[in-house]
Amino acid sequence: MAMTETIARDGRANLVGSLWMVAAMAIFAGEDAMVKAASAHLPIAEVLVLFGLGGAVVFAIAATTRREPLFGPAILSRAMRIRACFEVTARLFYVLALALTPLSATTVILQATPIVVVLGAAMLFREHVGWQRWLAILVGLAGVLIVLRPGAESFSALSILALIGMLGFAGRDLASRAAPRSVTTSVLGVYGFAAIVVAGVLYALLWERQAFIIPDAAAMAFLSTAVACGVLAYAALMKAMRTGAVSVVTPFRYTRLLFGIALGVLVFGERLDLPTLAGSLIIVLAGIIIMKRPSRLSLFRASRKPS
């Protein structure tokens with residue numbers, strides 16, 4: 001009887017966690033759409049700066065309310081410095097991809113992040129990865145190449161922006177694994193959004209060199225909604241990861257692909273071709289196999305050491 005109740009309770013937790021994950025991915029897709037819409041009204045650097053400031057302020061208020069220190073030796077640790085570099089790279093190139101390339105294609109390439117994280121964990125942290133996962137990694141990377149189509153007439157060099165952004169996010173996730181335990185989720189949120197501000201300033205000074213303008217009502221609405229979506233999605237993601245079993249909940253990250261494609265087609269009038277659809281399916285299937293296969297892979301274990 002007790003075992004039956006435990007199984008039922010775990011089943012409910014997994015269901016609730018999965019629903020939280022789907023909600024998080026839907027809201028993240030909405031954030032991407034709002035950032036893309038805002039970039040049509042403002043310089044890209046300005047979008048980065050304003051979006052980053054908004055998110056950093058919200059998370060700073062949350063951290064202060066909980067009396068979590070925003071400064072300290074842990075913030076300056078090697079892992080946090082590396083994480084900041086990857087965060088700036090990821091945010092800069094991903095927002096550029098959102099602004100300059102189709103939302104659907106950018107979302108597809110982003111879905112390869114978990115595959116690259118597992119690959120990086122095997123190479124950098126000597127995590128054990130069985131041959132099934134190695135095969136899934138290679139297949140997933142092949143899916144990315146199908147979407148990019150290097151060498152084909154339809155290949156766009158701008159699609160490399162999304163690829164660099166994806167690699168940046170993977171590097172950030174790997175660096176987060178080594179981050180000190182004393183750095184809370186809210187504080188990580190503060191510095192994550194602060195990195196977006198840094199990315200915007202660098203892009204403004206080194207590349208775009210376009211004067212910032214006073215946002216009109218539409219731009220402010222898009223940016224405000226993007227910040228709200230970012231904070232809500234982050235909270236939903238944390239709720240999902242703490243509710244159900246990670247192996248059950250994590251594959252639902254790929255629902256972001258469905259939401260991103262739907263918004264790209266319905267809102268921005270994008271058209272999908274067969275290679276993009278095929279590559280999407282391959283990436284998702286490879287990612288699910290990687291998450292589902294039992295192994296000693298410990299990406300999601302709470303075993304990282306303070307640094």
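A salt bridge is counted here when a side-chain nitrogen of Lys or Arg lies within 4 Å of a carboxyl oxygen of Asp or Glu. This is a predicted model, in which local features need pLDDT of at least 70, side-chain atom pairs count only at pLDDT 80 or more, and totals for chains, interfaces and linings use all residues. Residues are numbered from 1 along each chain as its sequence is written, and side-chain values use heavy atoms, with hydrogens and water left out. The structure holds 4 salt bridges.

**Annotated spans**

- An unreviewed UniProt entry places the feature "transmembrane region" at residues 12–30, 42–63, 134–152, 158–175, 187–206, 212–237, 244–268 and 274–291. UniProt positions follow the numbering used here, feature names are shortened, and annotations may be inferred rather than shown by experiment.
- Residues 42–63 are 91% helix and 0% strand, and the C-alpha atoms at the ends of this span lie 30 Å apart. Helices (H or I, at least four residues) and strands (E, at least two) are DSSP runs, numbered from the N terminus.
- For residues 187–206, the span is 100% helix and 0% strand, with 28 Å between its end C-alpha atoms.

**The Asp32–Arg256 pair**

- Side chains of opposite charge can pair when their charged atoms come close.
- Asp32 forms a salt bridge with Arg256, and the closest N and O atoms are 2.8 Å apart. The pair links distant parts of the chain, 224 residues apart: Asp32 belongs to helix α1 (residues 2–38) and Arg256 to helix α11 (residues 255–266).
- Asp32 is buried, at a relative accessible area of 2%. Arg256 is also buried, at 12%. Buried means under 20% relative accessible area, exposed means over 50%, and partly exposed is in between, with a 1.4 Å probe and protein chains only.

**Salt bridges around Glu87**

- Glu87 and Arg91 meet through their side chains in a salt bridge of 3.0 Å, N to O. These residues are 4 apart in helix α3 (residues 78–100), so about one helical turn separates them.
- Glu87 is buried, with a relative accessible area of 2%, and Arg91 is buried with a value of 16%.
- Glu87 also meets Arg172 in a salt bridge, at 3.3 Å from N to O. Because Glu87 lies in helix α3 and Arg172 in helix α7 (residues 159–177), this pair ties together parts that are 85 residues apart in sequence.
- Both Glu87 and Arg172 are buried.
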